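Good morning, and thank you for making time for this presentation.

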Amino acid sequence: MAKLTQFDNEVFRAYATYTAIVLLKMMLMSLITAYFRVTRKAFVNPEDTATFGKGESAKKYLRTDPDVERVRRGHLNDLENIVPFVGIGLLYALSGPELSSALLHFRIFTGARIFHTFAYLIPLPQPGRGLSWAIGYSVTFSMAYNVLKTLWLL
Amino acid sequence: MAKLTQFDNEVFRAYATYTAIVLLKMMLMSLITAYFRVTRKAFVNPEDTATFGKGESAKKYLRTDPDVERVRRGHLNDLENIVPFVGIGLLYALSGPELSSALLHFRIFTGARIFHTFAYLIPLPQPGRGLSWAIGYSVTFSMAYNVLKTLWLL
Amino acid sequence: MAKLTQFDNEVFRAYATYTAIVLLKMMLMSLITAYFRVTRKAFVNPEDTATFGKGESAKKYLRTDPDVERVRRGHLNDLENIVPFVGIGLLYALSGPELSSALLHFRIFTGARIFHTFAYLIPLPQPGRGLSWAIGYSVTFSMAYNVLKTLWLL
């Protein structure tokens, strides 16, 4: 099975490549959140502020910060959109699509989600973020349609 | 490999069908959130209220709304429960169960999660939502038990 | 295909075992949240407090509680880290690694996430939680590197 996926199935290799890229992109949000928490001194767990001393002096760093919250919203939006892509994308890759169609789906989704992250964090004026969200959403929907058309067994 | 999954493995086709359905259902939560944000005029990002003008006149739409928050809780609950179903369900489908057992698991989970969404959004009195949550949870637990029994290698 | 995965591919069986374990661990967070909601009497949906009577008497239980919020943060952190492990781990298992390397990755990740949960809920002083998070994160990153090295097709 390893041999099959490694050498014979280019669609699966494309799926693996783009899935790894978008999941790594999603993981990057954790690092950006940590960066803003440290630079903005905005924490949520009391044990995380222990290095600032004890008692009242450290308590003032238990607060929310607009930049931290913005990254967290982007991270949650990634979870809501990348999870369906990974799940439906696997089924789509195994449903036997043309390599060219599959690459088109994977490339547009990956590009849209990377743009979405920039649009959220800079932030860009709307409808930049909204459009990139809608494009990624449509790609996943199109893959789901192909999966159900090919594999349907209720 | 594509051929195998497409034509020979009915359990995998059933898994693909129900997984696509529950992931599409989860994706629907994004659209419902957007619908309530627009109709309730309750946004979280300043750039999203730019169409309402600048300054104070637009700022009043940066607020939380009970209906929006309810949909968001339903969406997060979907993530918490549908992610384990998709992951464990794939392993279960590949562990060689009877088609009838697999269909029973997939159908009950999908029905329970669709009911859960209605119970959350209408909302229905408890224990409607709690029971449908517990049923979906138990199905995933049962599949995990079968996976570990069949494939266990620690 | 079921036969292949069941009997011939030990790496896939190891992946199935550890994935089932970490997903069950993540599902456990729902039960812990429910436990704290009931014992701390801290709910978020009005329909969940109906058993405490109607009107003002029940409304006082619609509140946040530090213990409930702590479990919920741990649960979200699981979603953010276990989802990439499950997705990238599957691709890694199918990319044909040595069984010993695969077991090393899966065991360290699973141990780190179980420790992370204890560190979050007790809570342990930092850097306990931070380190266990970083170890799990690094394991997923290492698997992604191996996936991209082996299967890369852009």
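Predicted model: local features only at pLDDT ≥ 70, side-chain atom pairs only at ≥ 80, totals over all residues.

I shall speak about the cavities, then one interface, and then the salt bridges.

The largest cavity holds about 290 Å³ of space. Its lining is made up of 21 residues, and those closest to its centre are V86(A), G87(A), V86(B), V86(C) and G87(C).

Which helices build this lining? The largest share comes from α4(C), with six residues.

I turn now to the interface of chain C and chain B. The contact involves 36 residues of chain C and 35 residues of chain B. About 3,100 Å² is buried between chain C and chain B, and 72% of that area is on carbon and sulfur atoms.

The polar side of this interface also deserves a description. Three salt bridges cross between chain C and chain B. Among them is the one in which the side chains of R129(B) and E47(C) meet, at 3.4 Å from N to O. Between chain C and chain B, eleven residue pairs are in polar contact, with both residues at pLDDT 80 or more.

On the side of chain C that touches chain B, at least two residues come from each of α1 (2-8), α2, α4 and α5 (99-121) of chain C. What is the largest share here? It belongs to α2(C), which gives 18 residues to the side of chain C that touches chain B. By type, this side of chain C divides into 23 nonpolar, seven polar and six charged residues.

Finally, the salt bridges of the whole assembly. Over all chains, the count is 21 salt bridges. In one of these, the side chains of E47(A) and R70(C) meet at 2.8 Å, N to O. Why does this pair join two chains? E47(A) is in the loop between α2 and α3 (56-59) of chain A, whereas R70(C) is in helix α4 of chain C, so the pair links two chains.

That concludes the presentation, and I welcome your questions.

Key
Residues numbered from 1 in each chain as written. Chains lettered and ligands numbered in written order. Heavy atoms only, no water. 1 Å grid on protein atoms, 1.4 Å probe; cavity = no way out; pocket = protein on both sides within 12 Å on 5 of 7 lines; lining within 4 Å. Points joined across faces, edges and corners; volume = space filled by probe spheres on them. Helix = DSSP H or I, 4+ residues; strand = E, 2+ residues; numbered from the N terminus. Contact = heavy atoms within 4.5 Å. Buried area = accessible area lost by both parts, 1.4 Å probe. Salt bridge = Lys/Arg side-chain N within 4 Å of Asp/Glu carboxyl O. Polar contact = N/O pair within 3.5 Å; in protein donor to acceptor, adjacent residues only side chain to side chain. Nonpolar A, V, L, I, M, F, W, Y, C, P; charged D, E, K, R; others polar.
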